Amino acid sequence: MKTLACQKAIAFSLLLILLFSLSIETAYSAEQEVVRVDQVYADLPEMQVYFHLLDKNGEVVTRTVSESNVLLQYNSESAEVNSVQNAAASKTQVYFLLDISDSMPTALFASIKAELLQLYQTHSQNEKYTLITFGKEVVVQLDGDESAETIESTIKSLQNTDTRTVLYDAVSKVGELAAERSDYTRRMIYLFTDGEDWTVGGHTQSETQDLIRQSGIPVYAFGVSSAQKKYLDALSELARVVRGKFYIGVDKYCCRHNGADAGIRRCWLCSQCHTEK
């Protein structure tokens with residue numbers, strides 16, 4: 001199966017539209033809801049499309065989507081949708097990237113750790129989590145095979161005390177790790193940072209974006225609202241280029257209703273789509 005990044009210039013155009021019957025209330029009409037395509041895996045003529053259904057405020061909508069609600073178009077031609085299911089049933093690899101520099105607000109850092117621990121404690125057998133920290137260096141803290149006791153002690157022991165931040169080296173590390181394994185169908189990055197980067201002689205923002213784009217992994221970047229505008233703008237660009245999403249105010253969105261939990265567990269998979277002749 002060949003992985004295609006949604007944002008990359010590719011040989012076909014993909015349009016995913018949700019269709020609703022006239023009995024649905026206006027709040028659920030096409031004018032009020034939008035589809036965000038997160039990832040596409042293709043071995044033509046078969047495709048798998050992961051998508052979220054969002055309301056007009058960009059919040060993830062929680063309700064059932066079925067085959068009759070979805071129209072898939074490929075090169076302006078309709079495609080047969082064989083199944084639509086909650087993506088929670090898919091094997092999912094999540095990379096959590098946590099900034100441990102001293103520019104991260106202490107109270108916020110503690111909150112992020114608590115939310116990450118809760119996600120670890122409630123994850124399903126189909127989800128594999130990798131926790132990577134970055135300050136003056138990039139460290140893989142947890143790779144998903146540890147005991148519950150090790151996970152808890154590791155997360156609780158993390159401190160935001162480093163005086164440097166190698167942000168783009170950390171994101172690039174995920175691209176390298178992802179290239180080593182292909183047993184997880186769905187992959188994503190959740191990045192928690194104030195956006196500062198003090199890398200010297202390492203990966204640049206442009207190099208990092210190219211690497212992650214080629215990997216087809218969306219980045220969901222959660223930025224600290226008190227950070228400098230130039231850093232937040234850079235985070236926004238990174239997420240946008242690799243078909244992810246940028247959230248300003250990590251304290252508001254971190255791992256909660258419209259954050260990581262929603263992104264991981266309230267996504268839909270449209271699969272086994274064959275172009276109609």
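This is a predicted model: local features need pLDDT of at least 70, side-chain atom pairs count only at pLDDT 80 or more; totals for chains, interfaces and linings use all residues.
Residues are numbered from 1 along each chain as its sequence is written. Local features rest on pLDDT of at least 70 and side-chain atom pairs on pLDDT 80 or more, while totals for chains, interfaces and linings use all residues; side-chain values use heavy atoms, without hydrogens and water.

The protein chain contains seven helices and 15 strands, taken as DSSP runs (helices H or I, at least four residues; strands E, at least two) numbered from the N terminus. Of its 277 residues, 51% are buried, where buried means under 20% relative accessible area, exposed over 50%, and partly exposed in between (1.4 Å probe, protein chains only). Among contacts (heavy atoms within 4.5 Å) between residues at least 6 apart in sequence, 77% join residues at least 24 apart.

A nonpolar core is a set of buried Ala, Val, Leu, Ile, Met, Phe, Trp, Tyr and Cys residues joined through side-chain atoms within 4.5 Å. The largest has 27 residues, of which Phe96, Leu98, Tyr120, Leu131, Tyr190 and Phe192 touch the most other members. Elements giving two or more residues to this core include strand E8 (92–99), helix H1 (106–122) and helix H2 (148–157). H1 supplies the largest share, seven residues. Another core, of 23 residues, lies apart from it and includes Val171 and Leu235.

In H2, the buried residues are Ile151, Thr154 and Ile155. These lie on the same side of H2 because they cover an arc of only 95° around the axis, the arc being that of the directions from the helix axis to the C-beta atoms. The buried residues of H2 pack against H1, E9 and strand E10 (138–142). Exposed Glu149 and Lys156 are carried on the face of H2 turned away from its buried side.
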